[in-house]
Amino acid sequence: MRTAIVVGAGIAGLATAGSLARTGWKVTLLERDDRVRPGRGAFVLWPNGVHALRALGLADGLDGIATPVPPSGIRRPNGQWLIQPGRTRMATGERPLIVHREDLHDAFIAGLGDQVDLRSGTTIRTARPRADRPAVSDGKTIFEADLVVAADGAHSAIRPRLVPESVFVTAGYAAWRAFIPGYRVPKLPADIPASGETLGGGHRFVHTLLGERGAAAGGTSRAGIAWVATAPGALRPEPPQMQLSLLRRWFAGWPAPTGDLLAATEPDDLVQDDVGELRPIPPSLAFTNPTGGYVLVGDAGHAMTHYLDQGACLALEDAATLHQTVRDAIPGRTLSQAIEDYSRLRRPRVVKVAARSRRIGSVLLGSSAGGLGLRARNVAMGRFLPRLLDRAAAEAVDWTPPSG
Ligand SMILES: Cc1cc2nc3c(=O)[nH]c(=O)nc-3n(C[C@H](O)[C@H](O)[C@H](O)COP(=O)(O)OP(=O)(O)OC[C@H]3O[C@@H](n4cnc5c(N)ncnc54)[C@H](O)[C@@H]3O)c2cc1C
């Protein structure tokens with residue numbers, strides 16, 4: 001029986017482990033945390049992510065858990081519209097969806113079936129790329145298989161063994177995300193958009209309604225409002241309560257519902273992330289050896305900034321592509337060939353989306369490394385932003401699963 005080890009049970013690892021198991025692989029899934037749990041907050045799933053979910057056979061319950069992202073615009077902190085609602089990113093036809101991370105996680109766990117040997121509390125520290133068989137170790141046990149899938153995120157422990165020159169580089173911003181469940185969502189006036197973005201002086205605040213407006217539970221089991229705030233600087237070391245106070249101060253006076261949402265947020269709702277990307281994206285996402293080899297999926301292979309909301313969608317594309325390329329491969333030359341095909345199909349795509357996301361970030365927020373200044377940025381906004389966003393969104397969603 002063909003064997004695979006998947007390291008990391010985030011969205012990339014869960015999607016990959018389930019899809020391999022469903023095509024007859026014996027899969028061991030190794031996760032550092034004591035329990036496999038979803039991240040907090042919500043994901044925007046662009047049509048490419050939905051197509052990938054379909055290709056993986058995981059989209060059946062999507063209608064019940066996801067809601068279309070309401071048309072949104074972009075404002076300045078003084079309330080003036082930079083881009084009126086509906087003029088950006090929705091121009092690509094199919095609307096993006098928003099889904100609670102826990103709902104998506106439940107679908108992935110169901111998709112693992114009972115074939116995957118899941119071992120939580122296992123932190124992988126090394127890989128042996130030069131051995132005859134792919135292998136990883138937590139310092140106590142060596143796990144060997146025909147195929148090792150590194151799905152251990154932006155700060156992967158496996159990637160440095162395979163491609164040491166690719167490192168996570170910060171963009172000079174930190175991001176916070178939170179999800180306010182329906183029963184705690186403040187009552188908002190009817191003229192407040194259900195989804196929107198405000199930009200000013202390197203700061204950004206985006207909110208999106210999940211489920212029916214004003215309802216604790218609309219068509220989904222977990223309705224509420226998700227928001228993401230971005231601010232210049234490094235990760236904040238203070239406890240969540242103090243981070244929340246800082247956010248309330250930085251975004252004070254911004255157009256509604258920013259203040260209402262920050263007031264309704266509790267410290268436990270907050271998740272802080274360093275904004276950055278992998279540089280360079282590895283020259284190959286596959287590393288072969290006589291029986292098969294290693295592949296990088298998700299953020300382990302192509303961590304990127306969050307400005308296009310594409311990281312998880314691309315992780316799903318990775319899983320769907322790997323599913324297709326290794327489906328009929330047998331250990332040895334055909335498996336090595338299959339994982340090289342995976343890299344050939346994925347790398348140009350992720351390089352392109354990462355570059356677009358970087359560019360959008362430098363226009364939206366300015367770049368700490370000699371990017372556009374505030375004045376120039378404002379001029380660029382009015383003239384170029386709608387076109388730039390539309391083109392970036394159109395390019396990012398332009399993906400179809402490889403055919404068998
Ligand atoms: C603010 C923000 C908003 C975002 N919004 C969106 C969005 O709306 N839509 C979208 O598509 N993308 C979005 N993204 C991107 C998305 O969150 C990531 O791209 C995605 O979660 C990456 O998934 P992953 O499985 O590759 O990595 P991770 O989610 O990082 O999972 C890695 C897993 O590996 C485990 N692990 C790590 N190291 C080890 C080890 N040594 N041994 C064993 N296990 C290990 C971890 O515990 C974790 O479970 C956003 C990102 C940010 C920062």
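Colleague: Which residues come nearest to the ligand?

Modeller: A residue is near a molecule if one of its heavy atoms lies within 4 Å of it, and of the 30 residues around the ligand here, Glu31, Val44, Ile124, Asp299 and Ala312 come nearest. This is a predicted model, in which local features need pLDDT of at least 70 and side-chain atom pairs count only at pLDDT 80 or more, while totals for chains, interfaces and linings use all residues. Residues are numbered from 1 along each chain as its sequence is written, and side-chain values use heavy atoms, with hydrogens and water left out.

Colleague: Which element gives the largest share of the shell around the ligand?

Modeller: Helices are DSSP runs of H or I with at least four residues, strands are runs of E with at least two, and both are numbered from the N terminus; here H9 gives the largest share, three residues.

Colleague: How do H9 and H10 pack?

Modeller: Axes are lines fitted to C-alpha atoms, for helices over the stretch in contact, and angles run from 0 to 180 degrees between N-to-C directions. H9 and helix H10 (residues 333-365) pack at about 155°, with axes 9 Å apart, and because angles over 145 degrees count as roughly antiparallel, H9 and H10 are roughly antiparallel to each other.

Conventions:
Angles under 35 degrees count as roughly parallel, over 145 as roughly antiparallel, 65 to 115 as roughly perpendicular and the rest as oblique.
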